[in-house]
Amino acid sequence: MECSSEGLSEQSIDLRSRFLAFTDHARAALASLNEDGGDLLGELRHLSKSFADIARAASTYHLTRLLSPYTGKCNEIFKAVRNLSSTRTGALIVIQREASAEERMTAGIPLGAEITSTLLESIFNVGSPLHDGAVLIRDDGIVSAANVLPLTKKVYRTRKMGTRHRAAIGLSEHTDALVFVVSEETGTPSFAFDGFLYPFYFMDRE
Amino acid sequence: MELNAVNGDFASLRAELAKMLTDISETLNVELSQFEPGHIRLLNVIGDISKKFAAMESLTSTYYLEGLLSEHTASNKEISRAVHRLSSKGYAALIVIEKNDSVLPYLSGGTPIQARISSQLLETLFHPASEFHEGAVLIQGETIVSADHSLPLTEEIFWDRMYDVRELSAVGLTERCDALVLLVSDSGATSVGSDGKLIPVSISS
C-alpha cells in the first residue's frame, strides 16, 4: 500500500459499506446463536476476524489522511510501530504537522537521520542511550531523539494512564502533531491526536 | 473430539453471547447512522467493540476449557485461569493432565514438584526466567506432580505449516494415551491436544 492521499474518499466510502456488510454478518451470527449445534467458537472466530479487518482499514484510513500530507514515509513509521509492538518495546514517536513541535518539548539529541524502521526500532531498544524519550519526525527525516514531552493533566478514571501515554496526549494538546505510543507493559500500539488517544490497528503487511 | 460435545449448560453461554453481540450491533447501527469520513472518534468505538469481541472469546474459551478439564480434575477453574494469564502475557506453556492411562512411561526428564494446583504456581513454572519453562508440567488429579518433562514427538507429517516442538509433543503424547494436553504458544494462541489432535480454543491464532 502506498502512503499517499490518493483514493482517500473512495476508502471512506468503502469503509462505510464494509461496516454495513458487517452488521448483516453479525445479524446472521446472532440468528444462528439461537439455534442449537454448530461450531460456536468457529463462528465467533470468523466474526471477530472480519471485524479486525475493518478495524485495520479504518485505522489506516485515518492515519493516512492525517499523515500523508506531511511525510512520505508513513509506511516505514507504521512498520516500526508494528515491530516495536510485537516485541513489547515502549516507544514514543512524534510526527510534526503544521505547528512546530520543538517549541513544546525539551530538546534531546539531534539526529538529522533518514527514516527507516530499523533505525526507529534500534533507538527504542532498552539500553540504547536514546530510548528514554520521544523521537521527533518532520517531513521525511528523524530530527531528534530522547526529547521530553509535556504531560497531560487530565484525570483518567476508567483506565490506568502511564507517563508515556500522558506525554503523548500532553504534546497533542499543545500542537497538531500526531504521536505514536507503544506500551511497554502490553505492547499495545496507539496514537494521540488533538488531546485524545486512539487505538492503532496495523496492517499485516504493507 | 468435538468441542461442542463438552458437558455443560450451553444455553446460558449462548444467551450471554447473544446479548453481547446485540450490544455490538446496536453500537454499530448508531455509528453508521452518523458516519462522517472525518470522524476519528470512530476508532475509539472500534476499540470498544474489539474489546467486547475479546471478552466474548475469553468467555467462550473459558467455558470450553473448564468443561473439558472438569472430566479430569476438580481444579479446572484454577488451570483455566493460568492458561488465560499465560496466553495474555505471551508465555508459552505445555501442561499434561493425566486421565486413565498412566503417562509416566512416555515422559522423560522431569523434576518432582508435588504441589497443590494454583494458577500462580503454574504461571511461575512457565515464566521465561524459570528453569522449567521449556518443559511440560504433569498434573494428576489435584496435584502438580512434576515439571520440565520432555514428551514423545509425533511422527506424523503436517503439510499445512511448520509445527513447533510443543505442538509436535502435544500431538505425540495424546496419540499414545488418553491424557489431555494444554498448549499455549509464544503468540498467545491456546489449543488443546487430545487423541492425537490439536484443537484451537482461542480466537486469535
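Student: In this predicted model, which residues point one way from β5(B), and which the other way?

Tutor: Leu180(B), Leu182(B) and Val184(B) point one way from β5(B), while Val181(B) and Leu183(B) point the other way. In a regular strand the side chains alternate between the two faces of the sheet, so an arrangement of this kind is what one looks for.

Student: How many bridges join β5(B) to β6(B), and which residue is the partner of Leu182(B)?

Tutor: Four bridges join β5(B) to strand β6 (residues 190-194) of chain B, and the two strands run antiparallel; with at least two bridges required, they therefore count as a pair. The bridge partner of Leu182(B) in β6(B) is Val192(B). The hairpin of β5(B) and β6(B) has five residues between the strands, and in this hairpin Gly188(B) takes a positive phi near 95°.

Student: Why is α1(B) called roughly antiparallel to α2(B)?

Tutor: Helix α1 (residues 10-33) and helix α2 (residues 42-69) of chain B pack at an angle of about 170°, with their axes 11 Å apart. Angles over 145 degrees count as roughly antiparallel, and the angle between these helices therefore makes α1(B) roughly antiparallel to α2(B).

Student: Which residues meet where these helices pack, and what classes do they belong to?

Tutor: Among them, Leu13(B), Leu17(B) and Met20(B) in α1(B) meet a set in α2(B) that includes Val45(B), Ile49(B) and Leu59(B). By class, the contact of α1(B) with α2(B) has eleven nonpolar, two polar and four charged residues.

Student: Turning to chain A, how many helices and strands are there?

Tutor: Chain A has five helices and seven strands, and along the sequence they follow the pattern α-α-α-β-β-α-β-β-α-β-β-β. Of the 206 residues in chain A, buried residues make up 36%.

Methods
Residues are numbered from 1 along each chain as its sequence is written. Chains are lettered from A and ligands numbered from 1 in the order in which they are written. This is a predicted model: local features need pLDDT of at least 70, side-chain atom pairs count only at pLDDT 80 or more; totals for chains, interfaces and linings use all residues. A residue is buried if 20 or more other C-beta atoms lie within 10 Å of its own, exposed if 12 or fewer, and partly exposed in between; C-beta atoms are placed from the backbone. Axes are lines fitted to C-alpha atoms, for helices over the stretch in contact, and angles run from 0 to 180 degrees between N-to-C directions. Angles under 35 degrees count as roughly parallel, over 145 as roughly antiparallel, 65 to 115 as roughly perpendicular and the rest as oblique. Two residues are in contact if their C-beta atoms, placed from the backbone, lie within 7 Å. Ala, Val, Leu, Ile, Met, Phe, Trp, Tyr, Cys and Pro count as nonpolar, Asp, Glu, Lys and Arg as charged, and the others, Gly among them, as polar.
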